[in-house]
Amino acid sequence: MLSVFKTEVDKFLISRGIKGYGERAAAKRCLLSAAYLDSQKWDQRKKDPQNLAELAALMDITYEKKLPVSSLTIARFIDNISSREEVEQAEYYIYKFRHSPNCWYLRDWTIHSWIRQCLKYDARDKALHTVKNQVQYGIFPDNFTFNLLMDTYIKEDDLTNALAVVIEVMWQEAFDEQCIQLLSLYVLQKYLHSKPELKLEDERNLGAALLLVGLKQNNTVGFSSQLLGLALLGKVELAKGIRAVYTRMPLIWTPGYLSRALNVMENTVEATNGKMLCKEAVDAMATILEIAACGTSESMVTDESQETKQDAAFDDNDDDDNEKSKLADYLNKFKKLYSELESFGKIEAESLLTLTDKLVQENLPSSEAGEILNYEKRLEKWEEERAVLIQREKELREKARQEREARQAAKATI
Amino acid sequence: MVRLSTMGRQKRVRAIAALARKVREYWAQKQRPRDSERYALDYETMRRPGSGKKLPVLAHRDIRTEIRLFQHLHRLPLFGIGRLLTKKSWLLAYDEPCYWTISKVKVDYTAQDMDHGKAWGVLTFRGKTEDGVKEIDKVMYHDWRLVPKHEEEDFKRFTPVLETKVRYVPYPPLLRAMILAQREKSGEPIDGDLMIDLERNRHFPKDYFKNLDLKKQAEGTPV
């Protein structure tokens with residue numbers, strides 16, 4: 001009730017052109033506008049009221065008989081959730097659907113509906129849990145849905161969970177739309193700004209996320225993210241080997257992440273369109289290189305004794321040795337590029353956080369409008385699909401009924 | 001005398017045995033071992049619990065470090081349809097890009113982590129894309145790598161090198177001398193054009209000559 005009232009007030013104020021309403025309202029940091037988060041269009045869909053108990057019984061019988069459950073049944077179940085307990089039941093049925101022959105056919109609108117329902121009935125942690133275990137639940141949300149989920153966490157400054165969502169997007173390699181890129185950059189920078197304790201695994205995930213987002217953004221923030229991401233990945237590569245970097249990650253297996261970071265710096269030097277690199281990113285790269293260089297020079301002796309114990313034909317060890325030997329070269333090249341960047345004036349003194357904030361402020365409203373239009377078009381397509389499915393189900397039921405009647409009539413005449 | 005009478009009489013129709021055979025086939029089909037059971041592996045002893053067979057020793061390192069195809073596909077939306085997947089053995093063996101582009105997937109839903117099944121796709125081997133969708137073999141080998149989306153372009157880039165096909169190759173000198181001597185003895189003309197034709201038809205399948213006649217008939221008359 002309150003949320004509906006709030007969205008009405010938002011719309012009124014936005015329509016009267018009162019700017020900056022989002023920032024003045026409460027102390028919460030709202031990124032996505034109310035128009036984006038508005039669930040009115042979604043609620044206006046044609047309702048298909050079904051009894052959840054009946055649907056559950058139907059699904060149980062179908063599973064027992066080892067027949068496939070149609071995607072329409074699970075879609076109807078999720079659409080008709082009306083309380084928190086039913087969210088738990090729906091989670092169970094989503095799990096069962098994923099482990100049934102029709103698992104491939106879980107629809108986009110079902111996934112979207114599931115996340116919306118979770119957010120509505122205050123089951124955000126459930127939604128995050130299903131997204132994290134997408135292998136077991138089959139929940140692969142699209143960009144719009146990811147944005148909705150991330151925004152609820154950003155609003156409450158819950159950076160760990162927001163970061164978890166960004167890492168999920170990274171694993172899906174779903175940084176396609178502008179909005180999700182901006183939101184993820186915001187979350188990543190805020191998280192890094194809070195200077196958390198990072199284990200190597202976290203650094204690897206962060207590095208990969210920064211790299212994938214940075215590749216899509218063609219500006220200072222993008223390039224700096226790329227540099228930072230590649231530097232972190234290079235650090236993990238030196239510490240644990242290239243295999244630890246690419247296993248089960250959407251990253252390439254050729255070693256040399258630090259050299260790729262240096263390539264980014266080179267590209268910025270040669271770039272002609274005012275793109276710069278943030279001082280923070282460059283400093284981070286410098287620290288990583290220096291620590292690594294000092295570390296290897298001390299532990300050279302212990303490394304050699306360890307190497308003789310391992311396989312002689314271990315290609316990965318060769319790659320790692322190459323990397324360690326190239327560290328001195330990397331350090332020299334880095335110093336050269338740094339001096340070149342400074343001479344061209346391409347080092348941005350502002351912090352990455354402020355730059356990201358500015359970028360988000362400038363670009364988010366315009367990209368939101370485009371995405372809302374896309375979302376509405378997609379809603380129409382989903383409605384058509386759903387209508388087709390309902391029609392097909394009706395026809396199948398008719399046919400089955402006629403066949404049954406024909407068989408009964410044949411039995412009666414015998 | 002007895003044999004003649006049994007040879008002349010038709011085989012006795014055994015209805016119950018036929019029914020039993022059908023039922024046994026049905027149950028064999030229903031209870032066939034799924035992919036997840038057939039390809040399950042005990043990573044300590046490197047044995048398959050289903051058949052008790054041990055996997056080859058040279059593969060042990062790969063089995064511990066690499067992963068199967070479906071262990072990549074199960075965490076991708078739509079089970080990775082449209083994505084490119086390579087094998088580590090191809091990466092080491094060939095410079096040119098070799099990859100499968102997934103087009104259809106049939107997952108074994110009885111697997112706990114959905115990491116077994118069958119997949120179909122289009123193969124690009126050493127830069128040459130084949131036409132037609134084929135079933136991906138060696139799906140259960142621990143050898144697969146997923147090409148990240150941002151590296152797909154780089155990975156697919158391939159400048160084909162023109163291969164020069166050699167058709168005629170000179171004979172080894174002793175054999176050439178022997179052949180020329182034989183020709184001289186039998187009175188045939190010796191011309192210097194003595195080369196091995198590498199594309200000569202060396203293997204004739206059973207129906208080669210039958211097909212030859214059919215082809216001649218199909219072609220009909222030249223005009």
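Contact here means heavy atoms within 4.5 Å. This is a predicted model, where local features need pLDDT of at least 70, side-chain atom pairs count only at pLDDT 80 or more, and totals for chains, interfaces and linings use all residues. Residues are numbered from 1 along each chain as its sequence is written, chains are lettered from A and ligands numbered from 1 in the order in which they are written, and side-chain values use heavy atoms, with hydrogens and water left out.

**View 1. Chain A as a whole.** In chain A, 76% of the contacts with a separation of 6 or more come from residues 24 or more positions apart. The chain's secondary structure comes to 20 helices and two strands (DSSP runs numbered from the N terminus: H or I of at least four residues for helices, E of at least two for strands). Of its 414 residues, 49% count as buried (buried is under 20% relative accessible area, exposed over 50%, partly exposed in between, with a 1.4 Å probe and protein chains only).

**View 2. Helix α11 of chain A in its surroundings.** Here's α11(A), residues 143–155: 13 residues reaching 18 Å from first C-alpha to last, close to the 18 Å expected at 1.5 Å a residue (the expected span is 1.5 Å times one less than the number of residues). Eleven of those 13 residues are buried, so α11(A) is largely enclosed by the rest of the structure. Among the buried ones are Phe144(A), Leu148(A) and Ile154(A). The cover over them includes α3, α8, α9, α12, α13 and α20 of chain A. Just after the helix, look for Asp157(A), which takes a positive phi of about 55°.

**View 3. Where α11(A) meets α12(A).** These two helices pack at an angle of about 160°, with their axes 8 Å apart (axes are lines fitted to C-alpha atoms, for helices over the stretch in contact, and angles run from 0 to 180 degrees between N-to-C directions). That makes α11(A) roughly antiparallel to α12(A) (under 35 degrees is roughly parallel, over 145 roughly antiparallel, 65 to 115 roughly perpendicular, and the rest oblique). Phe146(A), Leu149(A), Met150(A) and Tyr153(A) of α11(A) meet a set of α12(A) residues including Val165(A), Val166(A) and Val169(A).

**View 4. Where α9(A) meets α12(A).** This pair packs at about 30°, with axes 10 Å apart. α9(A) and α12(A) are therefore roughly parallel to each other. Leu128(A), Val131(A) and Lys132(A) of α9(A) meet Asn161(A), Ala164(A), Val165(A) and Glu168(A) of α12(A). The contact's residues divide into four nonpolar, one polar and two charged.

**View 5. A close look at Thr62(A).** Thr62(A) sits in helix α5 of chain A, residues 52–64. With 16% relative accessibility, Thr62(A) counts as buried. Beyond its neighbours within four places in sequence, Thr62(A) is in contact with Leu67(A), Pro68(A) and Val69(A).

View 6. Most residues other than glycine have a negative phi. Leu78(B), though, has a positive phi near 55°, and Lys138(B) has one of about 60°. Leu78(B) lies in the loop between α5 and β1 of chain B and is partly exposed, at 45% relative accessible area. Lys138(B) is in the loop between β5 and β6, and its 38% relative accessibility counts as partly exposed too.

How values were computed: Nonpolar A, V, L, I, M, F, W, Y, C, P; charged D, E, K, R; others polar.
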